[in-house]
Amino acid sequence: MSAPEPCAGDLRGGGLRAAAPGPSDTTGDLGDGTYRNPVLAADWSDPDVVRVGDDFYLTASSFGRVPGLPLLHSRDLVNWTLIGHALDRLEPAEAFASPRHDCGVWAPSLRHHDARYWIFWGDPDHGVYQVNARHIRGPWTRPHLLKAGKGLIDPCPLWDEETGLAYLVHAWAKSRSGVKNLITGYRMSPDGRELLDEGSVLIDGDRVPGWFTIEGPKIYRHDGWFWILAPAGGVATGWQGAFRSRAFHGPYEERVVLQQGGTGVNGPHQGGWVRTATGEDWFLHFQQRGAYGRVVHLQPMRWDADGWPVLGNAGTPVDVHRKPDLPPQPPSAPATGDDFPGGRHGPQWQWTANPRTGWATSHSADGLRLTCVRTARADDVRALPHTLTQRLPLRPCSVEVELRLDAEVPGTRAGLAVLGDAYSWVGLERDQGGAARLVHRFAEAGTEAERDAAPPRPAPNGSALLRVEVTEGARCRFHADTGEGYRPTGAPEFTATPWRWVGALLALFAAAPAGEEPTGTALFTHFRITHRTPPTPREESRR
């Protein structure tokens, strides 16, 4: 047997080094009063933000994953924690009984009005929904369908404190409605439960020279103007626009307020404006980063002599900047690791469809116990509704989990996947004789079944340590330890791929071929993501 090749992260092989968690590893906080973008280095797509007192809250698109509408909290706009979700199940429930990765919750808006938190979002196939709650941690109301229809996306409410009137604006998805590049506005009842007119076009992008795909509107009242901050130009290469009018129904004048310029930040747009208690203005927006999805940047914001917002460094994104003038906060980032105490998973995990009873079972010890659910689609992880996922981090990392397959039925399987339009996974499977073996499989985009990425090898104890090393460009190398130390699976490097609108995901799953008899479970323990930094010059000199 040949000696195992060194894993990334093993200094003997000249790879990356595992770094102790620190401010620059998991957050944008540099620890010296400045921050580096992105401040949320994972797929927190289409962010919106609100301040209530000294607290900032952020939500983002969650598409077809459940629970939906993530809720993040910060005291300084740089260090964020995930505190829960506002949506327990997607509706209509039957539409999300199976995975619909690019559908569901698109571009929510988060507001605080009348001592309640409000979230509005568009489902491109069903219409505009809203939920609300007295407290940010809930309980949240059941989703209310404010306006049914196809292609209604990116809604945002406005309660005008000057007049007491309420409004709603939204954009259009051409894939469902046949139109785009329009922002439509309505009068809305103050309780957010009905629209009071048929709506009218506020902004027609086809009449603005050079502008296309205007979407993602956020509407505000400021300095006597109605402001609609809306991106244009497409997800990967667009820009941020600002539109203003003295009247809700227009006419609106426009200006580009943030674009790539000479920076490396492509398509800096779509997000929300927030003012701190000290009077500073800031803007959070996303940047499309391929397999990593849409990461979140923080831009300083000011107003020029003509009353227009100026974002970033004179209209281009900042890389490093001083933090907001707010009390110092300890470095923090949304949780990733999990010991699954009592069989419960943390809020960083989401199912790929509305969950059903029995997919995961609680118990007295640590570890996630997933049922090997029988299905005719066991050979395509993308089709499994009983898959738990979390976002793929932007920064190079090592992902590890321990797995024990407590199932004897031939064909039962469980593993750790990098999941997207194409995917790859490593894990355990019972062969036709009931023996456990380590398998590594993958599926290309556009195919309906997976195939072996490497020859299976014995797993005599029915358990394994699984590892994925993720390097720049979302390149993934898979390793496993079945009792003889970590070894590469022998498969070629896999490059993670996103879906159309959703970044690649890390996933845990358990499944079995179709049948009637009980199958057993898979136990996952000690899930860890370790971020990695290049070796120091001193370490380099010792090699």
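A residue counts as buried when its relative accessible area is under 20%. Cys103, at 13% relative accessibility, therefore counts as buried. Welcome to this structure, which is a predicted model.

**Cysteines**
- Cys156 is buried too, because its relative accessible area is 0%.
- A disulfide is a covalent bond between the sulfur atoms of two cysteines.
- The structure holds zero disulfides.

**The largest pocket**
- Rolling a probe the size of a water molecule over the atoms shows where empty space is left.
- The volume of the largest pocket is about 720 Å³.
- This pocket is lined by 20 residues, and those closest to its centre are Arg111, His112, Glu161, Tyr220 and Arg221.
- By residue type, the lining is made up of 10 nonpolar, three polar and seven charged residues.

**His73 and its surroundings**
- His73 sits in strand E5, which covers residues 68-74.
- Its side chain makes a polar contact of 2.6 Å with the side chain of Asp55.
- Beyond its neighbours within four places in sequence, His73 is in contact with Asp55, Phe56, Tyr57, Asn79, Trp80, Thr81 and Ile83.
- Thr59 is 14 residues from His73 in sequence, and the C-alpha atoms of the two are 9.3 Å apart in space.

**Gln240, a buried residue in a strand**
- Look for Gln240 in strand E17, residues 239-245.
- Gln240 counts as buried because its relative accessible area is 1%, and the cut-off for buried is under 20%.
- From there, the Gln240 side chain reaches the backbone nitrogen of Gln270 at 2.8 Å.

**Ser398, buried in strand E29**
- Ser398 belongs to strand E29, which spans residues 397-406.
- With a relative accessible area of 1%, Ser398 is buried.
- The side chains of Ser398 and Glu469 are joined by a polar contact of 3.4 Å.
- Leaving out residues up to four places away in sequence, Ser398 touches Arg467, Val468, Glu469, Arg528, Ile529, Thr530 and Arg532.

**Backbone features to look for**
- Most residues other than glycine have a negative phi, and most peptide bonds are trans.
- Val66 and Pro67 are joined by a cis peptide bond, with omega about 0 degrees.
- Pro67 is part of the loop between strand E4 (55-59) and E5, and E5 is the strand that holds His73.
- Another cis peptide bond runs from Gly250 to Pro251, where omega is near 5 degrees.
- Pro251 lies in the loop between E17 and strand E18 (253-258), and E17 is the strand that holds Gln240.
- Asp223 is not a glycine, yet its phi is positive, near 55 degrees.
- Asp223 counts as exposed because its relative accessibility is 57%, and exposed means over 50%.
- Ala314, also not a glycine, has a positive phi of about 55 degrees.
- Ala314 is in the loop between strand E22 (309-311) and strand E23 (320-322).
- At 62% relative accessibility, Ala314 counts as exposed.

Notes: Residues numbered from 1 in each chain as written. Predicted model: local features only at pLDDT ≥ 70, side-chain atom pairs only at ≥ 80, totals over all residues. Heavy atoms only, no water. Helix = DSSP H or I, 4+ residues; strand = E, 2+ residues; numbered from the N terminus. Buried < 20%, exposed > 50% of the residue type's maximum accessible area, 1.4 Å probe, protein only. Polar contact = N/O pair within 3.5 Å; in protein donor to acceptor, adjacent residues only side chain to side chain. Contact = heavy atoms within 4.5 Å. Disulfide = S-S within 2.5 Å. 1 Å grid on protein atoms, 1.4 Å probe; cavity = no way out; pocket = protein on both sides within 12 Å on 5 of 7 lines; lining within 4 Å. Points joined across faces, edges and corners; volume = space filled by probe spheres on them. Nonpolar A, V, L, I, M, F, W, Y, C, P; charged D, E, K, R; others polar.
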